[in-house]
Amino acid sequence: MVSRYDFSRTFEIKGRDFNKAGSISINIKEILKELGIDQGIVRRAAIASYEAEMNIVMYANKGEMTLRLNPEVIRITLEDEGPGIENIEIAMQEGYTTATDEIREMGFGAGMGLPNIKKNADIFELKSTVGKGTSYNIVFYLNSKGDV
Amino acid sequence: MRVCPTQAIRIRNGKATILEEKCIDCGECITICPNEAIVALTDPLGERSKFKYTVAIPSPALYAQFGRSILPDKILTGLKKIGFDDAHDLAITCGDTSLAIEHFLDEYNGPKPLISNCCPSVVNLIQVRYPQLVDHIIPIKLPKRLAAKEIKEKKSKELGLKLDEIGTFYITPCPVKMIAIKQPSSEECYIDGVISIADIYAPLLSVLECEDEDDYRKSLESVCILGIGWAVAGGMHRTQKLKNILDVSGITEIIKTFDDIERGKLQNIDLVVAYTCPQGCVGGSLTVENRYISYNKIIQLLETLEEENIEACRDKREIRERYHQKYFHLQQKYEPRPIRALDEDLGKAIEKRNKKEKIYDSLPKIDCGICGAPTCLTFAEDVVRGDTRLSDCIFNVPSRFKELTGELSKLMDTFDSMRKDEGRKPGRERRRENL
Ligand SMILES: Nc1ncnc2c1ncn2[C@@H]1O[C@H](COP(=O)(O)OP(=O)(O)OP(=O)(O)O)[C@@H](O)[C@H]1O
Ligand SMILES: [Mg+2]
């Protein structure tokens, strides 16, 4: 899939920085609203980018989130340096989590993040190398789904 | 200018102006403006002379403005002394509405959490910044509107007057309630005027009397506990014994909470009751008493009522019946009014967004405000929207210089051509100019 993107913006994410956690997905949401993107898509993109951002904050050392778009498609990609995911299939299951008690006390760790991204995105791809890091590719179509 | 949570204020030609489409009427600017340059337009008491019969409908926040021994019914009597023909205890209607909200929560199975519509500024904020959440707003009528309609209809029957000969005046703790009344949605509005608590405070204070012991007990027994709770953040929660309520007050906290709701969090909460003024309506910018003190007064009154087991609300069965007759339901849904996109065309909007970023990068990012915009970022946005010029930034020296030299050379050109024209003008006119 080759697309030219008219807009691109990258944000840094720090692992374990719970103070700022969630601020990048808010940034992304504001940009999409400014551009006049359909409210429903804005909401789905906000949920997906939030879950992805939180996973980096919770599990990785550091990472980046990039928002790219053109009039047909929104692409949000995330790359992190962290422990990686051993079995992606299992990680994608509802309720699967490796969150620590401490994280659960903060109200996370229901194991619903990845399934939630999948539910909201038009395309969701997850790649990971154990010991190195994880990358997310999340796509939303702006017109009718299909040939981009 | 910077206090505005939606960046709606600009200084243009030395004067503060408010961008209507962004304003949520929260009153934050009125509380803070040092020059009192921003004044809410409340109707003065004089408006009353237009009507044959006038009724005051004070916000329960008025009850917290005076000494603790002065109970609501004394204040209502005071309002009659200063010229109103009648005064309605809005706390009672608030109590009715509380019960209606309970019924609504019982039946409800739409998206959660529901968000209370008791603070109009919160409703505005949702319509402007969280258009996706409009379906979460409780579609129950506001007590002051229900009360105004009820009073007008009742009094017109009793007194044989026409509806428009009876004037209903809401006494408000905040500017938003006024604006919301002045620009009613398509729902019919029976409120004729609005008077701020600040405006009525002095005349009212001069006629208030302390209660003696017997009176005090009787007065206390007439206070509707459910309605009194509406004046403070957390009040409804406390008096209604609903479990899953989240109480939020202050605009920054509300924004954080709504961001969470928009991400799909807080779905286990039934109802969010939010007030943009800290501590609730008692913290409104048109009140007199310190907001923490008035908050305490309301809480102490609630404590006393709880200890004495006083409720004084209307018959619950009657309310339930009315609820089922749709008496409390809004006829209209709340509509979103989202912030205007940079451009209708997405391609162009993207272009403008990129340009905005470039402009922003060239700015000093110190948010000095000299250009008239609250932040460098909003300034960059105003430039790409075409609302202001880049040269309005005093730090943008190169562009300002270019513009100035451009103007200068244009000026020189016109001078040149004027001189040439002058040479050709007939002598008579030239002589006249020389006189
Ligand atoms: N970026 C990542 N790096 C390492 N592990 C990850 C990453 N993202 C997800 N995981 C793993 O996948 C599991 C499932 O993630 P998911 O987001 O679905 O649930 P969660 O984060 O545990 O809980 P919730 O998202 O509901 O708060 C996580 O517990 C974690 O083990
Ligand atoms: Mg997660």
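How many salt bridges does the rule find across the interface of chain B and chain A? I began my notebook with that search, and the count came to 7. I note at the outset that this is a predicted model.

**Entry 1: the interface**

I looked up one of these pairs by name. B:R129 forms a salt bridge with A:E30, and the closest N and O atoms are 3.7 Å apart. The cut-off for a salt bridge is 4 Å, so this pair at 3.7 Å falls within it. I then widened the search to the whole structure, where 39 salt bridges turn up over all chains. As for the pair I had named, it runs from helix α4 (residues 120-129) of chain B, which holds B:R129, to helix α1 (residues 23-34) of chain A, which holds A:E30.

I also asked for polar contacts across the interface of chain B and chain A. The rule returns 11 residue pairs, with both residues at pLDDT 80 or more. Next I looked at which elements of chain B take part. On the side of chain B that touches chain A, α11 (251-262) and α14 (346-362) each supply at least two residues. The largest share of that side comes from α14(B), with 8 residues. I sorted the side by class and wrote down 10 nonpolar, 5 polar and 10 charged residues.

For the extent of the contact, I recorded 25 residues from chain B and 24 residues from chain A. Between them the two chains bury about 2100 Å², and 52% of this is on carbon and sulfur atoms.

**Entry 2: ligand 1**

I turned to the surroundings of ligand 1. Which residues are the closest to ligand 1? I found 22 residues around the ligand, the closest being A:Y59, A:T97, A:T98, A:G109 and A:Y136. By class, the shell holds 12 nonpolar, 8 polar and 2 charged residues.

One distance is 2.5 Å, from an oxygen atom of ligand 1 to an N or O atom in the side chain of A:T97. For A:T98, an N or O atom of the side chain is 2.5 Å from an oxygen atom of ligand 1.

On its own, ligand 1 has 600 Å² of accessible area, and the protein covers 95% of it. The elements that give two or more residues to the shell are α2 (39-59), α5 (113-120) and β5 (133-141) of chain A. The largest share, 4 residues, comes from α2(A).

**Entry 3: backbone in chain B**

I looked up two places in the backbone of chain B. Where is B:P113 found? I located B:P113 in the loop between α3 (90-107) and β5 (114-115) of chain B. A cis peptide bond joins B:K112 to B:P113, with omega about -5°.

The other place is B:N13, in the loop between β1 (9-12) and β2 (15-18) of chain B. I noted a positive phi of about 50° for B:N13, although this residue is not a glycine.

Technical notes: Residues numbered from 1 in each chain as written. Chains lettered and ligands numbered in written order. Predicted model: local features only at pLDDT ≥ 70, side-chain atom pairs only at ≥ 80, totals over all residues. Heavy atoms only, no water. Near = heavy atom within 4 Å. Polar contact = N/O pair within 3.5 Å; in protein donor to acceptor, adjacent residues only side chain to side chain. Areas by Shrake-Rupley, 256 points an atom, 1.4 Å probe, with all protein chains shown as cover. Nonpolar A, V, L, I, M, F, W, Y, C, P; charged D, E, K, R; others polar. Contact = heavy atoms within 4.5 Å. Buried area = accessible area lost by both parts, 1.4 Å probe. Salt bridge = Lys/Arg side-chain N within 4 Å of Asp/Glu carboxyl O.
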